[in-house]
Amino acid sequence: MIGDAVDAKGILDRARGCAVGAAVGDALGMPLEFGPRRPLGGLVREMRPGRLPAGTFTDDTEMALAVADSLLACSVLDGKDLAQRFVAWYRAEPADVGNHTRAVLSRMATGEAWDCAVGEVQRTAPASAGNGSLMRSWPVALVHWRDLDRLIADSRLQSQVTHSHPECVAAVSLVNAIIYSLLRGTAPAEAVLMALQCVDVPASLRALVQEAPKRPRESLQNSGWVRHTLESAIWGLMTTDSFEAALVQVVNLGNDADTAGAVVGALAGAAYGHASIPERWRDALHGEWPLRSGRQWNAERLADLADRLVASAALADPRPAG
Ligand SMILES: [Mg+2]
């Protein structure tokens with residue numbers, strides 16, 4: 001069990017790494033989305049233009065910023081507040097909205113309560129288990145870095161606001177529990193093991209996570225299915241030894257490259273810290289939030305957001321840090 005005496009400075013650096021890393025992975029993967037797996041001799045290692053200019057983050061980071069805003073406003077996640085923020089984003093006509101997310105948010109936009117909208121969409125498509133809630137999971141891990149029970153409870157709710165399939169809920173909780181340990185300096189392999197002990201994960205998903213590091217690159221499908229995104233991210237985290245290598249390996253799997261990039265970016269950023277993120281990627285990173293507000297975000301602003309999320313936990317918890 002992790003003691004109360006924590007390295008506050010180390011946690012802050014790794015929390016910044018998590019936030020900036022997720023957005024960097026999203027932007028690096030953006031031009032590779034829907035593309036084929038790249039040959040090992042031709043891996044993309046630089047921010048490139050795609051549908052958007054080079055370095056632009058996409059819906060993965062935008063929705064994560066909505067989660068962060070909701071957490072900063074409410075401290076403990078409130079499903080209704082979060083749903084309202086997602087609907088506001090959806091109404092601003094983002095360039096990208098996942099199919100399942102669109103089905104849910106379009107119902108909420110007509111005034112339907114979030115839990116009814118999600119329930120109805122899941123009832124008509126019971127097998128739907130996309131990665132749309134996993135891609136935006138990290139703010140919950142940062143705001144609840146001191147409290148694993150609350151981290152898991154809010155991770156579950158964060159998913160359920162759009163993605164209620166048990167595998168989506170479990171994947172989001174698992175990734176955030178891994179981040180919880182990584183923030184404390186735990187090595188990736190041990191952090192994954194600890195998370196598997198703490199989170200209720202369906203047996204088949206548990207087996208997939210345990211097998212992921214052994215999977216050959218050619219067998220990873222990296223689709224929009226939450227199982228595939230989780231598998232790619234765990235594979236990238238555990239088969240490399242730097243932030244840069246983890247991201248390069250995962251985004252070059254193609255297909256849903258930006259989302260897998262965002263998830264492995266959050267994990268690798270939490271593992272290796274802010275300073276491990278290549279400067280050339282941090283310098284290129286940008287995006288707009290809230291959408292249509294004209295407010296530009298860069299790596300510095302994301303690092304500042306990580307500080308605020310971490311500090312809000314310290315304020316809510318009377319136990320001293322460090
Ligand atoms: Mg995207």
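## Exercises around threonine 240

Threonine 240 sits in the loop between helix H11 (226-238) and helix H12 (243-251). The model is predicted, so let's work through it with that in mind.

**Exercise 1.** Decide whether threonine 240 is buried or exposed.

*Solution.* Start with the cut-off: a residue is buried if 20 or more other C-beta atoms lie within 10 Å of its own. Next, take the count for threonine 240, which has 20 C-beta neighbours inside 10 Å. Threonine 240 therefore counts as buried.

**Exercise 2.** Find which residues threonine 240 touches, leaving out those up to four places away in sequence.

*Solution.* Now look at H12, where Ala246 and Gln249 are among the buried residues. Phe243, Leu247, Val250 and Val251 are buried there too. Finally, ask what lies against them: the buried residues of H12 pack against helix H1 (8-29), H11 and helix H13 (257-272).

**Exercise 3.** Identify where the model calls for caution.

*Solution.* First, the overall picture: the mean pLDDT is 95, and 96% of residues reach 70 or more. Then check residues 318-322, where the pLDDT is below 50. Where pLDDT is low, predicted coordinates should not be read in detail.

Methods
Residues are numbered from 1 along each chain as its sequence is written. This is a predicted model: local features need pLDDT of at least 70, side-chain atom pairs count only at pLDDT 80 or more; totals for chains, interfaces and linings use all residues. Helices (H or I, at least four residues) and strands (E, at least two) are DSSP runs, numbered from the N terminus. A residue is buried if 20 or more other C-beta atoms lie within 10 Å of its own, exposed if 12 or fewer, and partly exposed in between; C-beta atoms are placed from the backbone. Two residues are in contact if their C-beta atoms, placed from the backbone, lie within 7 Å. pLDDT is the predictor's confidence in each residue, from 0 to 100.
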